[in-house]
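Open the model in your viewer and keep the selection panel at hand.

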Amino acid sequence: MPGTVLLLAASPTGKSCLVDAASVLPILAAVAPDVLSGTDTANVVELADPLEPQAVLTRLRAAATAPGPLTVFLTGQLQLDRRQRLPHLALARTTAATVRYTGFPWHWIREELRLRTPGSTAVVVDLHTDAETWQHLATQPLTVGPGTLLYGRVAPPPPRRAVASPTYMKSVATILRSGHRPPLAHLHQQALTRSSGEDPEAARRDIVLAVDPTQPGHSTPPAQPPMRPVPGFQPAPPPPVPVQVSVAPLPPPPPPSTDPHAEITAAVERGRHVEAAELAGRREQEALRAHGPGGDEVVHWMEVRADLAMFAGDAELSCRIWLAVADVRLAAGQPPGAPGVEAAVDRAHHQWGRIGDSARARELGPALADLRLRVPGRRQGALDDVQRHLNRLQAQV
C-alpha cells in the first residue's frame, strides 16, 4: 500500500525567528519518496513557511485520512499561547502576542492522528523553543497521541539574535539521501550521533524524543530541562539529569490488534463506512452505560462518530454530532476557550459549510450561530461568516 509523507517546515519571519526551518526542505525533497516513507511508493506533500493555521490543518487532515503508513517530518519552533499555556507551532506571521491566532496548536496534531491504526504513523521533529516554552516542556512533555511513533529533539533558545540550524533534521535527510531507510529507531540514533558532530553541546542540552508505543513496556520519556541557564528564567529545582532514550530494534509486526480504533480504521480504509459507524456507536453506548452522559469516554466516541461521518461524506451528520459534542462539553463546565470546545465548534462550522442541501443547512445554521456567540474560536470573523452564509441560505427560500 502506498505511503504518505508530509514535509512541514515553519518559523516566523523577522525578529521572532529562532530556527531556519525551511533550510532543511531542499535536502529532504531530494530524498526519493519511497525512502522517505519506507514503502514501495509514496505521496509526498511539502509545506514551507505556511501563513495560516487552517492551511496546515487542511494538509495534515488530508495526510491523516490517507490509507497506508504516514510519516511527518516537522521542523520549526514552539511558542506558548499566553492565555491557555498551550504549545503552538509558530507560523510565518506568529509573534509572542499573536500566537493564539496565528500559530498552529500542537494538540491539533494529536486530534488529527488519533483515529489512525496504532503503529502506522510516525512523527519526526526538530524543534526549537523560546525560554518560556522550554521551561513549560520541563514539566509537560511533548506528545503526539498514544498510537504514534515520535522521534527527534527539542532545543532551547539559541543565543540572543542568533538563528539556529535544524542540525538533527538535516542529519536525518542526509542519511536518507543514501537511498536506505533504516528502522526509525536506528535512523534517530544515527541522526543524533551525526548532528552532535556539528553541535557537541546538543547531547547534554536538548530534550531527546524517542517514543515507540509498539515496544513492550513503552512509556513516554520524561522531559529534560537545560543543563545551562537560559536568559529570562530559572528551571524549577531539582533539575533532573537529561537522559537520551535508546530504543531496541523494532520487533516483528504484532498480531492483528483487537483495539476498536484499529478495527474502525480498517473498516474505513475498506470503504465500509456503515460498519465503522456501527462499531463506534456500540462503543459509545457501552461508555454511556458505564460512565453516564458527559463522560470523557462518551464524548470521545461521539467525536469518533463525527469524524466517521465526515469520512463517509455525510457533512450534515458530522455537523450535528460536533454541535452535540460542543454542547456536552459546555454543559460539563468546560470553558468556551477550552481546546476541546473550540475544536468541536470549529469542526461543526467546517462541516456546515459543506452541506449541499440548503434546507438542512438552514436548519442547523441558528444552532451554530448560537454556539459561535459563546465560542468565537481563534479565527477572526467566524461568527460573521456564519451569519453571511445563513443570510445567503435564507435568500434562497
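Which residue takes a positive phi in the hairpin of β3 and β4? Select Arg85: its phi is positive, near 60°, and the hairpin has six residues between the strands.

Before moving on, some ground rules. This is a predicted model, where local features need pLDDT of at least 70 and side-chain atom pairs count only at pLDDT 80 or more, while totals for chains, interfaces and linings use all residues. Residues are numbered from 1 along each chain as its sequence is written, and side-chain values use heavy atoms, with hydrogens and water left out. Strands (E, at least two residues) and helices (H or I, at least four) are DSSP runs, numbered from the N terminus.

**Stop 1: β3 and its partners**

Select β3, residues 70-80. Strands pair here if DSSP finds at least two bridges between them.

- β4 (residues 87-89) runs antiparallel to β3, with three bridges. Leu78 has Leu89 as its bridge partner in β4.
- β1 is parallel to β3 and joined to it by seven bridges. Find Ala10, opposite Gly76 in β3.
- β6 (residues 121-129) pairs with β3 over nine bridges, also in the parallel sense. Pick Gln77, then His128, its bridge partner in β6.

Now color by accessibility. Buried means under 20% relative accessible area, exposed over 50%, partly exposed in between (1.4 Å probe, protein chains only). Eleven of the eleven residues of β3 are buried, so this strand is largely enclosed by the rest of the structure.

**Stop 2: the cavity**

Rolling a probe the size of a water molecule over the atoms shows where empty space is left. A cavity is a set of points on a 1 Å grid over the protein atoms alone where a 1.4 Å probe fits but cannot get out; lining residues have an atom within 4 Å of a point. Grid points are joined across faces, edges and corners, and the volume is the space filled by probe spheres set on them.

The whole structure holds one cavity of 30 Å³ or more. The largest cavity has a volume of about 70 Å³. Select its lining: Leu6, Leu8, Val56, Leu60, Val72, Leu74, Leu89, Phe104, Ile109 and Val123. β1 (3-10), α3 (53-65) and β3 (70-80) each give two or more residues.

**Stop 3: helix α15**

Jump to α15, residues 358-374. Center on Gly365: a kink of about 35° lies there, shortly before Pro366. The bend is the angle between axes fitted to the seven residues ending at a residue and the seven starting there. Buried residues in α15 include Leu364, Gly365 and Leu368.

Technical notes: On a 1 Å grid over the protein atoms alone, a cavity is a set of points where a 1.4 Å probe fits but cannot get out, and a pocket is an open set with protein on both sides within 12 Å along at least five of seven lines; lining residues have an atom within 4 Å of a point. The expected span of a helix is 1.5 Å times one less than its number of residues.
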